[in-house]
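Visitor: I have a protein model open and want to learn how to read it. Where do we start?

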Amino acid sequence: MTSNSQAFRLFQPLRVGAWQLAHRVVMAPLTRLRSAQPGDVPTPLMARYYAQRATPGGLIISEATQISREAQGYPQAPGIYTDDQVRGWKLVTDAVHAEGGLIVLQLWHVGRISHSSFQPGGGPPVAPSPIAPRTGMAHTPTFERAPFETPRALETAEVPRVVADYARAAELAQTAGFDGVEIHAANGYLLDQFMRSASNRRTDAYGGSIENRCRIVEEVARAVVGVWGPQRVGIRFSPVSTPADDAEADLHDPDPVGVFSHALAAMDRLKLAYAHLVEAPSAHETSTGRVYHKTMQAGQMRSVSEIFRGVFRGPIIAAGGYARENAVDEVERGHADAIAFGRWFISNPDLVERLRRGVDLAAFDRTTFYGGGEAGYTDYARAT
């Protein structure tokens with residue numbers, strides 16, 4: 001890279017809510033399934049993994065973390081609802097802070113993607129409506145796969161209990177030493193299921209109209225803001241549904257622009273610290289590698305961040321299939337304020353410096369993404 005790399009906005013400071021970032025390269029939430037059992041407790045190995053990827057003034061979004069036992073759908077995913085889990089996460093936040101980094105906890109409820117083997121009492125998973133995904137397979141606690149089960153529709157009177165679970169998890173995140181939280185409302189999980197007409201056939205206050213389908217997201221956001229204040233809360237949406245994994249299989253809505261414009265406008269009114277928007281890897285890709293979406297606005301090739309830029313007026317973090325060139329371009333054009341990198345952070349603990357210097361990136365090993373120990377987790381080398 002040339003010596004003027006600092007001239008690119010991607011490597012310049014950015015104010016995001018309560019945080020002053022030293023650069024705009026964010027570590028995306030990455031499910032790795034390495035918590036200690038029993039209890040889904042974060043470990044010292046996880047603390048080392050996050051510390052390796054921390055940079056002074058850099059923002060890390062933690063792996064998705066279930067807010068309750070009911071919320072779990074993947075084996076060895078960490079939780080944030082027991083004292084042991086809080087103590088485990090404190091090891092992680094202390095390690096990141098020792099490197100000068102910032103870390104927020106992603107709050108997660110998988111909804112219908114869970115399996116009865118995870119559920120208290122062995123009952124069915126909960127969802128907006130009793131509609132099972134038509135394709136894909138559920139996970140079990142032993143890393144085996146099983147057919148998706150028909151979920152149980154949450155009763156109207158149960159929704160406040162789920163909202164309270166998010167608020168309690170947000171409180172425990174404070175105790176664990178996090179700098180803030182991100183609400184996971186993307187990728188086919190519970191809150192996304194409520195927003196999509198394909199998975200929400202309710203006729204109460206949480207179904208039918210776009211306003212009703214987005215209601216639980218607004219209630220969760222208000223509850224979490226009540227714990228942290230708006231400037232330490234972010235939210236993640238994936239407006240373009242993609243069958244990238246089983247969670248998003250057959251999940252869609254005929255009016256994604258309408259749905260997510262409504263949801264993002266509500267988050268804007270709450271003055272959240274940031275909106276984290278996922279680009280769809282199945283969208284059209286240009287020769288430069290930048291991802292665009294024709295499905296969001298007919299006849300136009302625009303990134304998701306660009307489409308919703310005028311709706312949410314706070315900082316936007318874009319994620320999904322970015323390399324250095326298109327990340328720089330998206331930020332330079334002003335469509336996004338920061339870029340979240342996922343898989344490249346797995347194999348490049350020093351990703352920020354590699355991007356800054358134009359150093360080649362180390363390849364990742366997909367076979368070590370989920371479960372296991374140090375291999376493919378904490379054993380990737382830094383560039384010399």
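Guide: Start with burial. A residue counts as buried when its relative accessible area is under 20%. Now apply that to Tyr50. This is a predicted model, and in it Tyr50 has a relative accessible area of 1%, so Tyr50 is buried.

Visitor: Is Tyr49 buried or exposed?

Guide: Tyr49 is buried, because its relative accessibility is 0%.

Visitor: How are the rings of Tyr49 and Tyr50 arranged?

Guide: Look at the angle between the ring planes. Over 60 degrees counts as edge-to-face. Tyr49 and Tyr50 have 70° between their planes, so they form an edge-to-face pair. Their centres are 5.1 Å apart.

Visitor: Next, charges. How many salt bridges are there?

Guide: There are 19 salt bridges. Read each one by the gap between nitrogen and oxygen, which must be within 4 Å. Glu374 and Arg48 form one, with their closest N and O atoms 3.6 Å apart.

Visitor: Which parts of the chain does the pair of Glu374 and Arg48 tie together?

Guide: Arg48 sits in helix 1, residues 44–52. Glu374 lies in the segment after helix 11 (351–357). The pair therefore joins parts that are 326 residues apart in sequence. Both ends are partly exposed: Glu374 has 44% relative accessibility, and Arg48 has 39%.

Visitor: Which residues are linked in a network of salt bridges?

Guide: Glu70, Arg152, Glu158, Arg161 and Asp165 are. Arg152 is partly exposed at 32%. Glu158 counts as buried at 16%.

Visitor: What is the mean pLDDT of the protein?

Guide: The mean pLDDT is 92. A value of 70 or more is reached by 91% of the residues.

Visitor: Where is the pLDDT below 50?

Guide: Over residues 282–299. Beyond near neighbours in sequence, that stretch has 45 contacts in the model. Read with care: where pLDDT is low, predicted coordinates should not be read in detail.

How values were computed
Residues are numbered from 1 along each chain as its sequence is written. This is a predicted model: local features need pLDDT of at least 70, side-chain atom pairs count only at pLDDT 80 or more; totals for chains, interfaces and linings use all residues. Side-chain values use heavy atoms; hydrogens and water are left out. pLDDT is the predictor's confidence in each residue, from 0 to 100. Contact means heavy atoms within 4.5 Å. Rings of Phe, Tyr and Trp (its six-membered ring) pair if their centres lie within 6.5 Å; planes under 30 degrees apart count as stacked, over 60 as edge-to-face and the rest as tilted. Buried means under 20% relative accessible area, exposed over 50%, partly exposed in between (1.4 Å probe, protein chains only). A salt bridge is a side-chain nitrogen of Lys or Arg within 4 Å of a carboxyl oxygen of Asp or Glu. Helices (H or I, at least four residues) and strands (E, at least two) are DSSP runs, numbered from the N terminus.
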